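These are my notebook entries on a structure that I went through entry by entry. The structure is shown first, and my notes follow.

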Amino acid sequence: MPVKIIKNPILKNSTAIRSIGDDQGFGQIKGTILKKNAIFPNVEVCVFKRTNKQLLWTTTSKSDGSYAFRNIAIGLECFITAFDPQRNYNAVIADGVKAK
């Protein structure tokens with residue numbers, strides 16, 4: 001794994017030397033899961049790298065339906081999937097999502 005010198009945008013004068021993958025960084029992707037325009041908690045949510053369909057992270061939406069993926073390279077293009085735990089509805093996909 002390559003070694004990179006990275007600057008933390010939160011700590012303005014901080015520089016770190018870390019061994020990280022090209023998919024990791026200070027970006028994040030966040031959103032809210034809704035089912036028929038109502039908050040939908042406890043849903044499995046996955047983020048994949050767009051170019052090679054590699055699974056990067058998985059999480060479960062919180063009680064308010066929100067989810068967040070952190071430590072993703074800023075600008076990395078991804079797609080998000082969410083799965084209905086009761087399987088009453090098909091999985092939902094958000095494509096072309098970029099970490100900010």
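Which residue forms a salt bridge with D84, and how far apart are the closest N and O atoms? I found that K35 is the partner, at 3.9 Å. I took a salt bridge to be a side-chain nitrogen of Lys or Arg within 4 Å of a carboxyl oxygen of Asp or Glu.

Basis of the entries. I worked on a predicted model, in which local features need pLDDT of at least 70 and side-chain atom pairs count only at pLDDT 80 or more, while totals for chains, interfaces and linings use all residues. Residues are numbered from 1 along each chain as its sequence is written, and side-chain values use heavy atoms, with hydrogens and water left out.

Salt bridges. My search of the whole structure returned two salt bridges. In the pair noted above, D84 lies in the loop between β9 and β10 (92-98) and K35 in strand β4 (residues 34-35), so the bridge ties together parts that are 49 residues apart in sequence. Strands here are DSSP runs (E, at least two residues), numbered from the N terminus. I recorded D84 as buried, at 9% relative accessibility, and K35 as partly exposed, at 24%. The terms mean under 20% relative accessible area for buried, over 50% for exposed and in between for partly exposed, with a 1.4 Å probe and protein chains only.

The side chains of D95 and R50 meet in a salt bridge as well, at 2.8 Å from N to O. This pair links distant parts of the chain, as D95 is in strand β10 and R50 in the loop between β6 and β7 (55-60), 45 residues apart. I noted D95 as partly exposed at 48% and R50 as partly exposed at 28%.

Nonpolar core. I looked up the largest nonpolar core and counted 16 residues, with I29, I33, V45, V47, F69, I72 and I80 having the most contacts inside it. β6 (44-49), β8 (66-72) and β9 (77-83) each supply at least two of its residues. Such a core is a set of buried Ala, Val, Leu, Ile, Met, Phe, Trp, Tyr and Cys residues joined through side-chain atoms within 4.5 Å.

I then listed the contacts (heavy atoms within 4.5 Å) of I29. Residues up to four places away in sequence aside, I29 touches V47, Y67, F69, I72, I80 and V97, among others.

A99 lies in the segment after β10 and is buried at 4% relative accessibility. Beyond its neighbours within four places, A99 is in contact with residues including I29, I72 and A73.

I placed T81 in strand β9, where T81 is buried at 7%. Leaving out residues up to four places away, T81 touches E44, V45, C46, F48, V92 and I93.

Nonpolar, polar or charged: how many residues of each class are in the lining of the largest pocket? I recorded 12 nonpolar, three polar and three charged residues. In this classification Ala, Val, Leu, Ile, Met, Phe, Trp, Tyr, Cys and Pro count as nonpolar, Asp, Glu, Lys and Arg as charged, and the others, Gly among them, as polar. β9 gives the largest share of this lining, four residues.
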